[in-house]
Amino acid sequence: MHNLVKWLIGFVVVIVIILLLSGMYFFHVAQVRNPKSNQPDILRSKDNSLYRYENTFLARHKQIWHETTRDGLKLDAWYVPADKKTNKTAILAHGWHNNKTTMAIYGELFHELGYNVLIPDNRAHGDSQGKIIGYGWLDRRDYIQWLNQIIKYQGQDTDIIMYGMSMGAATVLQVSGESDLPHQVKAVIADSAYTNLADETKYQAKAMYHLPSFPFVNVVSGISKIRAGYFYGEVSPLKQVSKSSLPTFFIHGSADDFVPTKMVYPLYRALKAPKLLWVSQGSKHVQSFHDHPVLYRDKIEKFLSEYDR
C-alpha cells in the first residue's frame with residue numbers, strides 16, 4: 001500500500017511537470033514575439049488579384065508616427081494622408097505575427113475611398129517594441145492612445161473608422177467596447193474575428209495538435225496570466241462587442257478553418273447597434289478580399305456611405 005501511494009504521487013508529479021513544460025512551450029509559440037513578424041511580408045505576384053493594391057500603397061510616401069504605451073513600449077505606425085484633404089481617417093489593425101506590410105492592401109483600399117490611413121505595428125510585432133503578444137486585450141488600450149493621437153493631429157472634428165483582420169479584427173472589436181472610446185470613432189469593420197481567446201485556443205488545440213482543451217488550455221492560460229497579465233477568458237471580443245454602440249460590419253469566410261466561421265454569429269448577435277454581416281462564399285481565413293475583390297470593396301464602401309457620411 002505504501003509503495004502504491006508513492007507510485008501515485010510520483011505519477012502525479014510527472015504529469016504536472018509534463019503539463020507545465022508543454023504549457024510553457026505552447027505559451028512561447030502563441031504569445032512570444034516571432035522574429036519573422038519583424039520582417040516585411042513576401043509580396044504578391046503580378047497575377048494576384050490584390051497586387052495593384054499592395055504595390056500602389058507600398059510606393060506611397062509614409063509618415064512615421066510613434067506612441068508610447070502605458071507600460072513603456074515604443075510603438076511604430078505608418079500614416080498616409082489622403083490625396084484630397086479630409087477629416088476622415090481609417091486606423092487598421094493587423095493579425096497575429098503580421099505587421100504593417102500585411103495591411104498594405106487594406107491601406108490602399110481605404111486610401112482610394114478617400115481616407116487618411118494609419119497602420120500601427122501592434123506591440124511585439126514589426127517595428128514596435130515588446131516581447132509578449134496582446135491578442136487585442138493589451139492592444140485595446142494602445143489603440144485608444146492611437147485614436148487620441150489622430151484626434152490631436154486632425155482636430156476635434158475628425159472622423160475615424162476602425163478596420164481589423166483576424167487578431168486585428170478581435171482588437172478593434174475589443175476597442176469598440178471601451179468606456180473612454182473617443183466619440184470621433186464612427187464605425188468598425190471586423191474581418192475574421194474570434195469570439196474569445198479561450199475558445200480559439202481550444203479549437204486550435206484540437207485542430208492542430210489533437211490535444212484536449214482540459215487541462216491543457218487551462219495550464220497555458222494560467223501561464224499567460226503570470227507572464228502576460230491576462231487569462232485567455234479575459235480576451236473577449238464577444239464581451240466587448242456587447243458593450244459597443246458603434247455600427248459594425250462583420251466579415252468572415254465560409255470556409256475559414258483557422259478562426260472557424262461559426263464564431264462570427266455570436267459576435268453579430270451580441271452587438272446591440274446597427275450591424276451588417278457578410279459570410280463570403282468559399283473563402284478561407286482572411287481571404288475574402290482576395291477571392292472577391294470587387295464585392296469586398298463595394299460592400300465596405302456601401303457600409304461606410306451609410307454610417308460614416
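Which residues lie nearest the centre of the second largest pocket? In this predicted model, local features need pLDDT of at least 70, side-chain atom pairs count only at pLDDT 80 or more, and totals for chains, interfaces and linings use all residues. Residues are numbered from 1 along each chain as its sequence is written, and side-chain values use heavy atoms, without hydrogens and water.

Asn98, Met165, His285, Val286 and Gln287 lie nearest the centre of the second largest pocket, which 18 residues line. A pocket is an open set of points on a 1 Å grid over the protein atoms alone, where a 1.4 Å probe fits, with protein on both sides within 12 Å along at least five of seven lines; lining residues have an atom within 4 Å of a point. The volume is about 300 Å³. Helices α3 (104-112) and α10 (288-291) each supply at least two lining residues; helices are DSSP runs (H or I, at least four residues), numbered from the N terminus. The lining has eight nonpolar, eight polar and two charged residues.

The largest pocket holds about 410 Å³ of space. Its lining has 20 residues, with Ala30, Trp96, Tyr135, Thr201 and Gln204 nearest the centre. α6 gives the most, seven residues.

Helix α7 covers residues 216-227. At 1.5 Å a residue, its 12 residues should span 16 Å, and the end C-alpha atoms are 17 Å apart, which agrees. Phe216, Val217, Val219, Val220, Ser221, Ile223 and Ser224 of α7 are buried (under 20% relative accessible area, 1.4 Å probe, protein chains only). Just after α7, Gly229 takes a positive phi of about 95 degrees.

Note on methods
The expected span of a helix is 1.5 Å times one less than its number of residues. Buried means under 20% relative accessible area, exposed over 50%, partly exposed in between (1.4 Å probe, protein chains only). Grid points are joined across faces, edges and corners, and a volume is the space filled by probe spheres set on the points. Ala, Val, Leu, Ile, Met, Phe, Trp, Tyr, Cys and Pro count as nonpolar, Asp, Glu, Lys and Arg as charged, and the others, Gly among them, as polar.
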